[in-house]
Amino acid sequence: MSHHSPVAATLAVSHPLDPLTGAEIAAARAILDREGLLGDTVRVPMLLPDEPTKAERAAWTPGSPIDRRVDVVLLDTATGVATDAIVSLTRGEVVRAERIPNDAPPYGQPQYLFEEYERAEAIAKASPEWRAAMERRGLAEHAERAFCSPLAPGYTGRADEVGRRVIRSLTFLRYDDLDSPWAHPVEGLIVHIDLTTNSVIRVEDHGDVPVPAGHGNYYPEVQGPARTTLKPIEITQPDGPSFAVTGSLVEWEDWSMRVGFNAREGLVLHDVTFAGRSVLSRASVPEMVVPYGDTAPGRFWISYFDAGEYLLGKNANHLALGCDCLGVIRYLDGYVADDHGNPVRIPNVVCMHEEDDGILWKHTDLQGRSDVRRARRFVVSYFSTIGNYDYGFYWSFGLDGSIQLEAKATGIVFAGAGEPGIRQRHATELAPGVFAPVHQHLFCARLDVAVDGEDNRLIEIDAERIPMGPDNPFGNAFGWTETLLATEHAAQRDADASVARVWEVQSASRTNAVGRPTAYQLIPQPTALLLADPASCVSARATFATHHVWGTAYADGEIWPAGRFPNAHQGGAGLPAYTAGDRSLDGEDIVLWHTFGLTHFPRPEDWPIMPVDRAGFQFRPYGFLDENPAMDVPESSQAHAEGGSPSSCGGAECHCAP
């Protein structure tokens, strides 16, 4: 397309990996409009940075030009035609625009627009069939205040849905304007909607289960006054935090990284190094799936892809000091595009802080001297709300070179209704008549590893039992095995706690002081994999969740575990397609994908709001360093604080340092 002058907005960017600014998003929209790709009915379901390739990054030097590009999905809401476009802000032009074949196999719809949620509710409530169902159930007086939730349809293969932009709607009552709708499900009433024709495909109305009457509200006005027994905890750093932020570059102790944010993945980390040595080229959680295990008509199809269908980053929270984050906090703002492609600032979307993490190392010698150092970690986090659930993602970096990711799930569990006191096979009763289906929250972390460079290999480490005999005469011996996962097919692996299985990313060219390859190990937490049948639609769409680990050879654009457009996709995209060629992983630039998460059998204690449930993993050095890197950590500044005495060390003299 025609060439135009560079966009001035890019002048404010100092590094190719800086997140998009509001000015850049506005500039991208202006270019699309000028090139005739926007119109009255065209919307922007997704707008992301088109990150530089590794070759481009390697060729870039500070002060040299940066080709800033934007990846945009366009949807003509009048026709359903979708377009993928790449906009170069630096050159001021659209460099590529291709139609997305979303009306032909294997289908795949663009992400949902915020405006479609409101439109879906209006379409449902205007439906004579929906109104008749509400009247038949004796609920007509609640129709106007009812909440018709907009829900991704999954993929069922129904002839009247295939190739159409479909959303489903379930109905929940609200008895007043502040009422929590999730407590009052109208069981068995499902509206299937075509968002392109703005019409109802069909309405299902199954049964006459009473609507639960309990309020389910969590506001203090309903729950009553807060307890007064908790004393304040104050977190102070009189000299300020120990980390420094320069643009997107964040440095803390031996750690350095670039912190980014986009509308789909939310928080993204680039160029993560420890002690000046590379560990990760890029890290994020680009997908998660929430499949439900209930066979009821209103739930059997539910398998939400909260990143790929709804956009985790676009739904991210504005964080508040003292509530979401404690201590001396540094926030970063994030910018996403609204449905029309205009920039939207999310203030304080990324939180960065230090926190005490217990004992780092300790020893008491034979003379009773106790040397102890306290651990501290640097935490980068954000929170996203997708409908009824809220998810927090916390990347923690330790003084010992370890990385931990923790995903926190909270919010309101998704519920249906049933006869009080009657047990159900696929749902538990949380409150009288309120039944929450069994389900899973399965996350996929993408770790573009770079352990001492891009030439890495992947090893599976298992503990090994040694049979009693000549090699184990006393029966006490055990050891370990190391298996090279040399290709992409070999690297589709599952965790096994019975043999303490871990996966080790080794440098193919660098060794440590004892002659072993420098390495980092992925240490999983126990996680059930996808429990749906392998022949199911959700298994085809969320194949990434059928293994704990996948290894792939790096390729530009291979970022999405379930594919670029999982919405209404029939399956096979993402990791199954990426690994079809069974590329070599031995001494290559590799990407490690890790499935982790929660299998949720809801309990009454999860109501009306679920306490945080946690899942995650650790990525820690194993021979990456020649000794404990935290030997020079000073004693705690509170080592001799009020309340300490020699008697508190068991009668011996207390020492934190020589």
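**Reading strands, a helix and cores**

Student: In which sense do strand β21 (residues 427-431) and β22 pair, and over how many bridges?

Tutor: Strands of a sheet pair through backbone hydrogen bonds, either parallel or antiparallel. Here β21 and β22 pair in the antiparallel sense over 4 bridges, where two strands count as paired if DSSP finds at least two bridges between them. Helices (H or I, at least four residues) and strands (E, at least two) are DSSP runs, numbered from the N terminus. This is a predicted model, in which local features need pLDDT of at least 70 and side-chain atom pairs count only at pLDDT 80 or more, whereas totals for chains, interfaces and linings use all residues. Residues are numbered from 1 along each chain as its sequence is written, and side-chain values use heavy atoms, with hydrogens and water left out.

Student: Which residue is the bridge partner of T428 in β22, and which residue takes a positive phi in the hairpin of β21 and β22?

Tutor: T428 has A436 as its bridge partner, and in the hairpin, which has 2 residues between the strands, G433 takes a positive phi near 80 degrees. Strand β22 also pairs with β20 (residues 416-417), again in the antiparallel sense, over 2 bridges, with A417 standing opposite V434.

Student: Which way do the residues of β22 point, and are they buried or exposed?

Tutor: Buried means under 20% relative accessible area and exposed over 50%, with partly exposed in between (1.4 Å probe, protein chains only). V434 and A436 point one way from β22 (residues 434-437), F435 and P437 point the other way, and all are buried.

Student: What order do the strands take in the open sheet of 4 strands, and what is the pairing?

Tutor: The order is β5-β6-β7-β8, with antiparallel pairing. Because β5 (147-151) and β8 (199-205) stand at the edges, each with a single partner strand, one side of each is left without a neighbour in the sheet. Neighbouring strands of this sheet are turned by 25 degrees against each other on average, direction ignored; axes are lines fitted to C-alpha atoms, for helices over the stretch in contact, and angles run from 0 to 180 degrees between N-to-C directions.

Student: Which helix packs on the sheet?

Tutor: Helix α3 (residues 114-126) does, touching β5, β6 (166-172), β7 and β8, and its direction makes about 125 degrees with that of β5; contact means heavy atoms within 4.5 Å. The buried residues of α3 include Y117, A120 and I123, and what covers them includes β2 (69-76) and α4 (128-136).

Student: Which residues touch the most other members of the largest nonpolar core?

Tutor: A nonpolar core is a set of buried Ala, Val, Leu, Ile, Met, Phe, Trp, Tyr and Cys residues joined through side-chain atoms within 4.5 Å. In the largest, which has 136 residues, V259, M352, W395 and F397 touch the most other members. Strand β13 (residues 277-291) gives the most to this core, with 7 residues.

Student: Where does E253 lie, and why does E253 count as exposed?

Tutor: E253 lies in the loop between β10 (249-252) and β11 (255-262), and E253 counts as exposed because its relative accessibility is 54%. Although not a glycine, E253 has a positive phi of about 50 degrees.
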